[in-house]
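Visitor: I am new to this structure and would like a close look at a single part of it. Please take me through that part slowly.

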Amino acid sequence: MQLNRRSFGLLAAAAAGATALPRAAFADEALVKEAIMAFTGGVEPTEGGVTLGAPEIAENGNTVPIEVSAGDGTEAIMILAAGNPNPGVATFHFTKLSGEIAATTRIRLAKTQDVIAVARLGDGSFGMTRREVKVTIGGCGG
Amino acid sequence: MIARRDFLQAGVAASALFGAGRIPALAQSQSMTENALLDMAPVGNVTLVHVTDIHAQLRPVWFREPSINLGVGEAKGKPPHVTGADFLKMFGLKPGSPEAYALTSEDFVALAREYGRMGGMDRVATVVKRFRADRPEALLLDGGDTWQGSMTALRTQGQDMVNAMNLLGPDAMTSHWEFTLGIDRVNEIVEELPFPFLGANIFDAEWDEPAYEAYEMYERGGVKIAVIGQAFPYMPIANPGWMFPGLSFGIREERMAEVVQEVRDEGAELVVLLSHNGFDVDRKLASRVEGIDVILCGHTHDALPEPVKVGNTLLVASGSNGKFVSRLDLDVQGGEVKGFGYRLVPVFSDVITPDPEMAALIGAERAPYEAELAEVIGTTDSLLYRRGNFNGTFDDLICQALIEEREADIALSPGFRWGPSLLPGDPITREDIHNATSMTYPNAYRSEMTGQFLHEILEDVADNLFNTDPYYQQGGDMVRVGGMGYAIDVTKPIGERISEMTLLRTGEPIDPAKTYTVAGWASVNEGTEGPPIWDVVESYVKRVGTVALDPNNAVAVRGA
C-alpha cells in the first residue's frame with residue numbers, strides 16, 4: 001500500500017516542521033521577544049498574572065484549543081506561538097464592559113512548542129505565562 | 001492520621017515504603033488456601049473493591065510482569081518503576097513465594113508451573129462475592145480496558161465482557177480501549193449499562209462540553225462518597241481518533257479540580273478518582289489537585305502490594321488481565337480518612353474456586369467460538385511475553401512474522417501492555433494469537449519509510465514513555481522493532497535519545513536518506529490496508545511449526 005505522510009499517525013505538520021522547511025522560516029526567541037516588547041512598549045513582563053489553558057499534547061495540531069484569562073481591569077491579552085513561522089496569533093482587548101476577562105480560540109501549531117500569553121494588567125504592569133504543547137506522531141500508546 | 005495498625009492489616013509487607021515490614025502470610029503457609037488469600041479483618045466503614053485493565057480475559061492466563069519498567073525524572077526508582085529482585089526487596093517478599101510469582105518476572109517459568117495460571121472472571125467473581133459478604137455495602141469499581149483484548153470480545157463487539165461485568169455488578173466504570181469499538185457501539189452499550197460510565201475528561205470537541213457523566217455520588221456505610229471517572233487522556237492520539245470523532249480528552253487538571261470542588265460542595269466525605277491516567281500521571285495529579293482521598297489507578301498495568309501515598313492521597317495499583325483484585329477498607333470520620341486496610345489479592349486460579357454462575361456465563365459466551373479458539377496453530381519452545389519497556393518475546397514473534405510474511409526489511413509492533421504470556425512447551429492456539437493482537441484496527445501495512453522517518457518515529461514514541469514530565473507520557477511501552485537494532489539513552493530529551501540504528505540483516509547503519517520496506521500493524525490512520533495481524537502471525541506459526549526465539553540483544557539501553 002502507499003502510505004501518505006500521516007502513515008503511522010504522523011501529523012503532517014510535525015514532519016514539515018522538523019524537516020522540510022528551512023530553519024529560518026520558524027520563529028525563534030528573538031522574534032518572540034520582539035513581539036512581546038512591541039506589546040509592552042519595552043517593559044519586561046513578570047511571571048504570572050494571566051492564566052493559559054492548553055492541552056499538554058495536541059489531539060490535532062491544526063486546531064489546538066487555547067483559553068486565556070486574567071483579573072479584573074486587564075486591558076489586553078496577547079497570544080504567541082513561539083515555534084510557528086510567525087509567532088503572532090491574536091490579541092484580545094477588554095473594556096470595563098467586558099463581563100469576564102477571558103477568551104478562547106483554536107490555533108494551529110506547526111510542531112511541539114511553547115504557547116505564550118502576555119497580559120496588560122489593570123495596574124499598567126505586564127504578566128506572562130508559557131506552556132509547552134506537544135505535537136506528536138502518536139499511535140503507539142496503550 | 002493513619003495508624004501503624006492499619007498498615008499491618010495489609011496482605012503483604014510494606015517495608016521500604018512504610019517501614020512496617022513483616023513476613024507475608026502466604027509464604028508462611030505450606031499451601032495456599034482460598035481463605036488465606038481472602039481473609040481480611042475489616043477496617044473502618046467503607047470498602048472499595050477495584051478491578052482494572054482486564055482486557056477481556058474471561059479465563060485464567062499466564063501473565064509475566066515486566067523485568068524492565070524504567071522511571072525517569074522524579075519517578076526514577078520509585079514504585080511502580082521497580083522490578084525483579086529490587087521489587088521483592090522493596091516490599092519484603094520472599095523469592096519463590098506466591099507473591100514473587102504474581103508480582104515479578106523472577107524465575108517466572110518455574111514458578112508458573114508451581115503456582116498455575118492467574119485470573120479468570122469466574123475466580124474474580126468469587127473474590128468479589130466474598131468481599132461483598134464481608135462488607136455488603138462495598139463499592140466495586142472498574143477502571144476500564146475491559147471490553148477489548150480477546151477474539152470473543154472482538155467478534156461480539158465487547159458484548160461477552162459487558163455480559164460478564166453486568167453479572168459481576170460494578171458500581172461504575174471508566175474507559176480507554178472501549179472507544180476503539182467505535183462511538184456508536186460505545187453509546188449503544190452505555191445506554192443499556194446498569195451502572196454509570198464515567199469520564200470527567202471526555203468532552204464534545206465542537207462545543208467543549210462534557211460528553212459523559214463526570215461522577216456519581218453514593219452513600220455507603222453512612223458515608224457520602226463521590227466517585228469521579230477519568231478516561232485515558234490521550235485517546236485520539238494513541239488510538240484512532242476517527243473511530244470516535246467529535247470527542248476530546250486530555251488530562252484537564254483544572255477541570256478535575258473543579259469537579260472535586262463540586263462534589264465536596266455536594267457533601268462528599270470521601271472523594272475517589274477512578275482513573276485511567278496511568279500511574280505516573282496520577283502521582284503528579286495527586287500532588288497538584290487537592291481533595292482527592294483515593295486514586296484507583298489503571299492503564300499502566302502496575303500491581304503494587306501497598307498503596308502509595310502522595311500528600312493525603314492514597315494511590316492503588318491493581319494490575320491487569322484479571323490477575324488481581326484490590327480491596328481498600330477506609331475509616332472515614334468527619335470527612336477525613338482516619339485509617340485504612342489494604343489487600344492486593346493475587347487471583348491464583350488453582351486456589352480460588354470458580355463462581356458457578358460466572359463460569360456458566362463464560363462457557364455460554366465462548367461456546368459459539370470454542371472450536372475456532374482451541375485450534376492449535378503451532379508450539380512454542382520459548383517463553384512468550386509482552387510486558388517490558390523494550391522488546392518482549394511475543395512481539396519478537398510478531399515482528400518476525402511481519403518480516404517474513406510481508407517481505408519487509410524492518411517490522412514495527414506497538415508497545416501495548418496487554419497480552420498474556422505462554423510458557424515453553426505450550427501449544428499456540430488461535431486464541432493465544434488473538435490475545436496478543438485482537439483489536440478493531442489490525443491491518444498489517446507494508447510501506448516505504450526513510451531512515452530519517454524511522455528515527456523520528458522512535459524518538460516520538462520514546463518521548464511518550466521517557467518524558468520527565470508525566471503529563472506528557474502516554475502510558476504504553478516502546479514500539480517494538482524487528483530487523484533493526486538501536487541504542488537509547490532514556491535520560492536525554494526528545495531528538496537525542498535514539499542512536500546507532502542498524503539494519504540487522506546486513507549490519508549496516510541505517511541511512512537517513514535511504515528508503516526501507518517496513519511492515520507493521522495497528523496504525524491509527526483510517527483506511528490502512530493489509531491483512532489482519534492475527535492472520536499474518538497464524539500463517540507464520542503454521543509454517544514454522546515450533547517457535548524458538550533467540551535472545552534479543554538489538555536494543556542497547558543507557559542511562560537506566
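Visitor: In β7(A), which residue is the bridge partner of A:M78?

Guide: This is a predicted model, in which local features need pLDDT of at least 70 and side-chain atom pairs count only at pLDDT 80 or more, while totals for chains, interfaces and linings use all residues. Residues are numbered from 1 along each chain as its sequence is written, and chains are lettered from A and ligands numbered from 1 in the order in which they are written.

The bridge partner of A:M78 in β7(A) is A:V118. This bridge belongs to the pairing of strand β4 (residues 76–81) with strand β7 (residues 113–120) of chain A, which runs in the antiparallel sense over six bridges; helices (H or I, at least four residues) and strands (E, at least two) are DSSP runs, numbered from the N terminus, and two strands pair if DSSP finds at least two bridges between them. Strands of a sheet pair through backbone hydrogen bonds, either parallel or antiparallel.

Both strands belong to an open sheet of five strands in chain A, ordered β1-β8-β7-β4-β5, with mixed pairing. At its edges stand β1 (46–47) and β5 (88–93) of chain A, and because each has a single partner strand, one side of each is left without a neighbour in the sheet. Helix α2 (residues 29–40) of chain A packs on this sheet, where it touches β4, β5, β7 and β8 (126–133) of chain A; two residues are in contact if their C-beta atoms, placed from the backbone, lie within 7 Å. The direction of α2 makes about 10° with that of β7(A), where axes are lines fitted to C-alpha atoms, for helices over the stretch in contact, and angles run from 0 to 180 degrees between N-to-C directions.

As for confidence, chain A averages a pLDDT (the predictor's confidence in each residue, from 0 to 100) of 82, and 77% of its residues score at least 70. Over residues 1–25 of chain A, however, the pLDDT is below 50, although this stretch has 47 contacts in the model beyond near neighbours in sequence. Where pLDDT is low, the predicted coordinates should not be read in detail.

In the loop between β1 (46–51) and α5 (84–90) of chain B lies B:P80, which is joined to B:P79 by a cis peptide bond with omega of about 5°. B:H55 is also placed in the loop between β1 and α5 of chain B, and its phi is near 50°, a positive value in a residue other than glycine. Most residues other than glycine have a negative phi, and most peptide bonds are trans.
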